[in-house]
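Welcome, and thanks for taking a look at this one with me. Please have the sequence and the model open as you read.

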Amino acid sequence: MRRVSDLLRTPAGRRLTLVAGPWDAREVDSVVLVDEMRELATAAPGALAILSRHAMRSCDVAGALRLAGGRGLAGIVLPGPSGTSPEMVEVARRERVALLAGASDHSLSDTVLGLSAAVRADPGLLLRRTREAIDGLGAMEGAGEDDILRAASASVGVAYRASGLAAPGANATVIRIGGRPDGYVCWDGEDPAAAIVAQVVATTLGRVRAAARETEAARERALLALLGARDGGAAARRARHAGVPVEGWHVAVFLRDPAAGAADAVLREVRRTAGATLPGLLGLGEAADLAAPPLVTRWQDGVLVVLTTDERTTVRAPAGGSPGLGTGVGTCQAGPDGLRRTASQARAAAARAEAGQAVAFDRLGVHALLAELGGSESALMAARDLLAPLERLGALSAHAVPTLKAYLDCWGSRTRAAELLSLHPNAVAHRIRRIAEALDADLSDPQTRFALQLACHVALDHDCLPGTTTSITSS
């Protein structure tokens with residue numbers, strides 16, 4: 001370990017002069033700059049305190065030596081040449097603190113940097129600092145990223161930070177999850193201990209992130225199971241055990257149909273920004289006002305975000321949606337059934353939104369009624385079973401529901417339906433005849449027409465066209 005006598009032999013230490021006190025009474029663990037005398041009272045034991053000229057204006061050297069001795073400091077460096085007095089010599093000897101004077105032609109910063117580098121280069125101190133930092137990190141089981149970085153920075157004496165990118169030439173070590181890079185731990189300065197501990201910090205952060213993502217994935221799986229479950233009570237219990245905040249008041253946001261190949265990028269961006277931006281845009285306050293972090297997952301043909309609050313809130317639709325996506329916002333609903341309902345509402349609203357537009361469910365008007373009628377699991381089952389016979393139409397089965405929907409939406413006009421479908425009216429007539437035969441339905445009956453029209457809307461909204469899915473009752 002380095003003592004004051006060892007530092008006086010280094011290039012930075014050769015410009016210092018021992019004025020009083022022992023030069024090898026204590027080991028030097030660190031070098032600190034003291035610009036105000038009150039900072040001397042907080043210096044760590046084993047420190048070599050270098051006083052600035054500003055600090056010297058209010059400095060009582062004998063009093064400073066007593067304070068340094070009480071703190072266990074190794075020495076004090078005064079700026080420029082300094083005289084002595086019998087009192088100073090006696091106090092320095094008694095307190096076992098080295099009193100040194102600097103050269104008047106040498107800058108304070110060069111002295112601090114040079115002596116700090118010499119102290120850090122000591123093998124014994126390097127090993128001790130590294131071991132203490134690693135032991136401290138090992139005792140932080142369950143801590144978050146910020147706490148880990150803060151503790152490692154304090155133990156080594158450098159400022160660690162986590163970053164997605166590492167600047168060229170910067171000190172950085174890779175954070176890995178499952179062998180794949182997931183960011184960097186960065187720091188400044190040339191400290192061997194900092195470089196060693198950074199590897200441990202990166203490994204620790206990798207484990208923390210992997211555990212957090214597995215927990216988040218379990219929550220997403222439980223949420224998806226709840227949204228698609230026939231038995232909502234059992235699914236709600238499993239979701240609650242997985243950490244899904246099924247109680248409280250929920251608001252869902254659905255971003256429809258991410259572009260092919262860009263789904264992952266959309267999901268990552270929504271996860272990154274949902275907690276920071278969505279609560280304020282929806283009138284839910286800030287992220288701190290949420291009962292739990294937002295849940296973000298792929299669902300059906302888009303990305304679903306569920307935000308949960310402790311109290312019912314009036315939701316407003318954002319002024320604009322995400323570029324290239326149709327955004328739907330559900331109403332504020334309570335409990336697990338409410339979570340399922342607001343998610344269905346958000347998707348129904350997104351189906352009415354143009355790219356880059358946000359639509360709130362409670363602003364859909366008559367379309368909100370249709371979405372409510374067709375948004376339940378029982379309605380989906382009934383629609384799929386009602387249209388299931390169309391699977392027997394062979395090549396026509398995939399086109400049967402769009403054709404029937406267009407025909408019924410146009411009040412039975414083959415000409416208008418043909419325009420919507422870009423077909424000849426005779427082709428529409430041929431298809432409708434085969435569809436009516438397969439369904440054994442009288443399309444002149446008003447109730448039959450209404451039931452089939454609603455079933456077509458439900459089937460198209462939930463992507464369960466005959467020929468691509470089987471009916472629920474037969475599965």
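## Ground rules and a buried threonine

Buried means under 20% relative accessible area, exposed means over 50%, and partly exposed lies in between, with a 1.4 Å probe and protein chains only. Thr297, at 2% relative accessibility, therefore counts as buried. Thr297 has its place in strand E10; helices (H or I, at least four residues) and strands (E, at least two) are DSSP runs, numbered from the N terminus. Contact means heavy atoms within 4.5 Å. Setting aside neighbours within four places in sequence, Thr297 is in contact with Glu220, Leu223, Leu224, Leu267, Gly302, Val303 and Leu304.

A word on the source: this is a predicted model, in which local features need pLDDT of at least 70 and side-chain atom pairs count only at pLDDT 80 or more, while totals for chains, interfaces and linings use all residues. Residues are numbered from 1 along each chain as its sequence is written, and side-chain values use heavy atoms, with hydrogens and water left out.

Val244 is found in the loop between helix H9 (232-241) and E9. Is Val244 buried or exposed? With a relative accessible area of 3%, Val244 is buried. Not counting residues up to four places away in sequence, Val244 touches Arg219, Ala222, Leu223, Ala239 and Leu295. Leu223 is also among the contacts of Thr297. Val244 and Pro336 are 92 residues apart in sequence, with their C-alpha atoms 9.7 Å apart in space.

## A three-stranded sheet

Let's move on to an open sheet of three strands, with the order E6-E8-E7 and antiparallel pairing. Strand E6 (161-163) and strand E7 (171-177) stand at the edges with a single partner strand each, so one side of each has no neighbour in the sheet. On average, neighbouring strands of this sheet are turned by 35° against each other, direction ignored. Axes here are lines fitted to C-alpha atoms, for helices over the stretch in contact, and angles run from 0 to 180 degrees between N-to-C directions.

Two strands pair if DSSP finds at least two bridges between them. E7 and strand E8 (residues 180-187) pair in the antiparallel sense over six bridges, while three bridges join E6 to E8, also antiparallel. Ile177 stands opposite Arg180 in E8. The hairpin of E7 and E8 has two residues between the strands, and in this hairpin Gly178 takes a positive phi near 60°. Helix H8 (residues 192-228) lies across E6, E7 and E8, running at about 30° to E7.

## Aromatic pairs

A pair of aromatic rings is described by the distance of the centres and the angle of the planes. Rings of Phe, Tyr and Trp (its six-membered ring) pair if their centres lie within 6.5 Å; planes under 30 degrees apart count as stacked, over 60 as edge-to-face and the rest as tilted. How many aromatic pairs does this rule give? The count comes to two aromatic pairs.

The rings of Tyr160 and Trp187 have centres 6.1 Å apart and planes at 65°, so this pair is edge-to-face. Tyr160 lies in the loop between helix H7 (145-156) and E6, and Trp187 lies in strand E8, so the pair ties together parts that are 27 residues apart in sequence. Tyr160 and Trp187 are both buried. For Phe254 and Trp299, the ring centres are 5.8 Å apart and the planes stand at 85°, so this pair is edge-to-face. Phe254 in strand E9 (residues 249-256) and Trp299 in strand E10 (residues 295-299) are 45 residues apart, and the pair links these distant parts of the chain. Phe254 is buried, as is Trp299.

## Helix H3

Which residues are buried in helix H3 (residues 61-71)? They are Val61, Ala62, Ala64, Leu65, Ala68 and Gly69. These residues cover an arc of only 160° around the axis, which puts them on the same side of H3; the arc is that of the directions from the helix axis to the C-beta atoms. The buried residues of H3 pack against helix H2 (53-56), strand E4 (75-78), helix H4 (86-95) and strand E5 (98-101). Gly72, with a positive phi near 80°, follows H3.
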